[in-house]
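I opened the notebook to look up pockets and helix packing. These are my entries.

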Amino acid sequence: MKKILSVVLALMLALSLLAGCGSAAPASSAAQESTPASAAPASGEKIKIGIVQIVEHPSLDQIRKAFTDELAAEGYDDSKVEIDYQSAQGEMSNVTSICQKFVGDKVDMIVAIATPSAQGAAAATSDIPIIFSAVTDPVGAELVNSLDAPGGNCTGTSDAIPTDQIFSLADELTPGIKTYGFIYNLSEVNSVSVIKEAQAYQDSKGIKYEEATVANVGELTTAAESLVGKADAFFSPIDNTVASGMVTVADIAAKNKIPYYVSADSMVNDGGLATVGVDYTQLGKQTAEMAVKVLKGASPATMPVETMKTYTTTVNSDTAKALGVDVSKYVK
């Protein structure tokens with residue numbers, strides 16, 4: 001009886017080992033195949049989302065807060081989602097490291113706020129879904145093939161602004177401007193695309209412009225001061241470098257009685273005179289809605305980039321008062 005029992009146990013052990021080998025082989029084979037990552041994790045696991053932001057300033061922070069709030073409202077709260085937020089502190093090298101970390105951590109999705117963040121994420125992975133926000137020119141930044149058909153693992157929301165409307169507002173509030181001073185970071189693709197539009201607009205109106213480009217926040221003082229006496233008004237696009245040091249430029253403009261037109265409401269709040277721009281809370285909400293669609297199985301490759309349909313005029317009444325500009329029409 002003992003011999004029979006021993007044989008039975010031996011057979012059971014052999015079958016168990018064979019079953020184990022049989023299950024291991026396909027897993028090993030599958031690991032060697034390259035398949036696009038899915039935004040949906042295995043059942044029961046938390047969804048891992050990495051958020052990378054090039055720098056912390058009000059407009060981008062506003063997007064991030066609206067994104068996480070809307071994500072929770074859609075049912076993706078802390079019980080279902082693990083968010084790893086990282087700020088690159090304005091350094092592209094940090095963006096690269098952060099995105100490589102996300103890839104190594106096998107996050108289910110990367111949310112990239114601002115153009116440099118999205119470019120870093122796209123360079124780090126072609127598999128993990130990337131949802132970007134506040135990317136002014138996604139095609140120019142080489143993130144998508146077209147706005148209607150992205151074609152890869154990236155899609156998201158654009159904060160493209162109506163440049164002509166900003167200058168029309170400037171003509172209304174401070175008529176007679178003969179020369180603009182453009183202040184921006186030449187290395188930010190988002191800024192360059194807006195500046196090209198601004199140049200075309202001024203050329204069509206016969207208005208001159210001077211440029212003062214910067215590579216970092218520390219150069220803003222010199223750049224702004226170099227335009228004093230040359231420009232009747234300043235203009236900056238949605239530039240992350242300028243936005244980070246906005247108060248510095250705004251102070252120089254104010255001291256020299258120069259109206260400063262900008263491209264984001266947060267830049268107006270930091271001392272700019274006025275803008276016609278997007279609502280960044282709404283932009284963050286739209287970004288979250290797109291992320292949810294991808295988490296539910298939609299492909300970024302076929303999901304069109306979304307842009308804002310309506311714009312808001314924002315003025316700084318304190319700056320206007322200091323300049324003697326009437327903005328009562330736009331103050332509620």
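**Pocket lining**

I sorted the lining of the largest pocket by class and found seven nonpolar, nine polar and two charged residues. For classes I took Ala, Val, Leu, Ile, Met, Phe, Trp, Tyr, Cys and Pro as nonpolar, Asp, Glu, Lys and Arg as charged, and the others, Gly among them, as polar. This is a predicted model, where local features need pLDDT of at least 70 and side-chain atom pairs count only at pLDDT 80 or more, while totals for chains, interfaces and linings use all residues. Residues are numbered from 1 along each chain as its sequence is written, and side-chain values use heavy atoms, with hydrogens and water left out.

I looked up the volume next: the largest pocket holds about 360 Å³ of space. A pocket here is an open set of points on a 1 Å grid over the protein atoms alone, where a 1.4 Å probe fits, with protein on both sides within 12 Å along at least five of seven lines; lining residues have an atom within 4 Å of a point. The volume is the space filled by probe spheres set on the points, which are joined across faces, edges and corners.

Which residues lie nearest the centre of the largest pocket? I noted Gly 90, Asn 185, Glu 188, Ala 215 and Thr 241, out of 18 lining residues. Helix H4 (115-124) and helix H8 (240-244) are the elements that give two or more residues to the lining. H8 has the largest share, three residues. Helices are DSSP runs (H or I, at least four residues), numbered from the N terminus.

**H3 with H4**

I followed H4 to its contact with helix H3 (residues 92-104). Their axes come within 9 Å and cross at roughly 45°. Axes are lines fitted to C-alpha atoms over the stretch in contact, and angles run from 0 to 180 degrees between N-to-C directions. H3 and H4 are therefore oblique to each other. Angles under 35 degrees count as roughly parallel, over 145 as roughly antiparallel, 65 to 115 as roughly perpendicular and the rest as oblique. I listed the contact (heavy atoms within 4.5 Å). H3 gives Met 92, Val 95, Cys 99, Gln 100 and Val 103, and H4 gives Pro 116, Ser 117, Gly 120, Ala 121 and Ala 124. That contact has seven nonpolar, three polar and no charged residues.

**H2 with H11**

I then checked helix H2 (residues 58-73) against helix H11 (residues 280-295): the axes come within 7 Å and cross at roughly 45°. That makes H2 oblique to H11. The contact includes Phe 67 of H2 and Leu 283 of H11. By class I have nine nonpolar, five polar and three charged residues.

**H7 with H9**

Helix H7 (residues 220-227) and helix H9 (residues 246-255) pack at about 25°, with axes 9 Å apart. They are therefore roughly parallel. Among the contact residues I noted Ala 224 of H7 and Ile 252 of H9.
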